[in-house]
Amino acid sequence: MPRSYVAEARRRVGPKRARIRPIIERLAAAHPDAVIALRFRDELQLLVSVMLSAQTTDVTVNRVTKRLFQKYRRPEDYLAVPLEELELDILPTGTFRQKAKNLRGTMRMLLEEFDGKVPTQLQELVLLPGVGRKTANVVAAERGATQGIVVDTHVRRLSQRLGLTRHDDPAKIERDLMRIVPKEDWGRFPHLLIWHGRRVCLARAPRCEICVLNDLCPSSRI
């Protein structure tokens, strides 16, 4: 698409700072059930669920953790079984060998460095094996300690389509979003984009004709 068309589309919908509040309000009205889909009962289950969710679906993770959390209740439980047994227990989530290794490393660090508790600060969470900034952001936000904005594939795609960022790198996208999204909305904003991306703004065939953001989105005008 020629740059002139893209620039014209962005000009017509207005600056992103002026659009962000209406975007949030409309998405919140359209998706009142937009919350994390993973099922957990405590901070440890939350951390494990998010770690297992990499490169798989929330449905698969929830199916696996339904049994997993009956067997593994404390960090010590993940270290008390052979690595091969843990691998089999999380097999359906994919890349199970690396995930099992990361889980054991994380549990060991929790016991040695954090008194068996899951930290809430991003700079501490990202020290855990297998925990990147996205995972850390999810864990912190779900515990009421939001410090950034989660950027997954849906958030990246919709942020780009909405003209909120021009970057592909998740870290740069997060910085762009943190500049314009009100801090009190950092926690729910990713959920709104994720659910809208699953239901309306699909990757291959966005349903612009029924989108509540149609007049605020430059991509719908190209």
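Helix H9 (133–142) supplies seven residues to the lining of the largest pocket, the largest share from any element. The model is a predicted one, and in it this pocket holds about 910 Å³ of space. Its lining consists of 41 residues, of which Ser53, Lys134, Val138, Val150 and Asp152 are the closest to the centre. Besides H9, the elements that give two or more residues to the lining are H3 (43–52), H7 (96–113), H10 (153–161), H11 (170–180) and H12 (189–199). By residue type, the lining divides into 18 nonpolar, 14 polar and nine charged residues.

Nine of the eleven residues of H12 are buried, so the helix is largely enclosed by the rest of the structure. The buried residues are Phe189, Pro190, His191, Leu192, Leu193, Ile194, Trp195, His196 and Gly197. Their cover includes helix H2 (16–30) together with H9, H10 and H11. H9, H10 and H11 also each give two or more residues to the pocket lining.

What does Leu125 touch, leaving aside residues up to four places away in sequence? Its contacts are Val118, Pro119, Thr120, Val131, Ala136, Val139 and Ala140.

Gln55 is not a glycine, yet it has a positive phi of about 60 degrees. Gln55 sits in the loop between H3 and H4. With a relative accessible area of 72%, Gln55 is exposed. Thr95, likewise not a glycine, has a positive phi of about 40 degrees. The loop that holds Thr95 runs between helix H6 (83–89) and H7. Is Thr95 buried, partly exposed or exposed? Thr95 counts as partly exposed, at 43% relative accessibility.

Note on methods. Residues are numbered from 1 along each chain as its sequence is written. This is a predicted model: local features need pLDDT of at least 70, side-chain atom pairs count only at pLDDT 80 or more; totals for chains, interfaces and linings use all residues. Side-chain values use heavy atoms; hydrogens and water are left out. On a 1 Å grid over the protein atoms alone, a cavity is a set of points where a 1.4 Å probe fits but cannot get out, and a pocket is an open set with protein on both sides within 12 Å along at least five of seven lines; lining residues have an atom within 4 Å of a point. Grid points are joined across faces, edges and corners, and a volume is the space filled by probe spheres set on the points. Helices (H or I, at least four residues) and strands (E, at least two) are DSSP runs, numbered from the N terminus. Ala, Val, Leu, Ile, Met, Phe, Trp, Tyr, Cys and Pro count as nonpolar, Asp, Glu, Lys and Arg as charged, and the others, Gly among them, as polar. Buried means under 20% relative accessible area, exposed over 50%, partly exposed in between (1.4 Å probe, protein chains only). Contact means heavy atoms within 4.5 Å.
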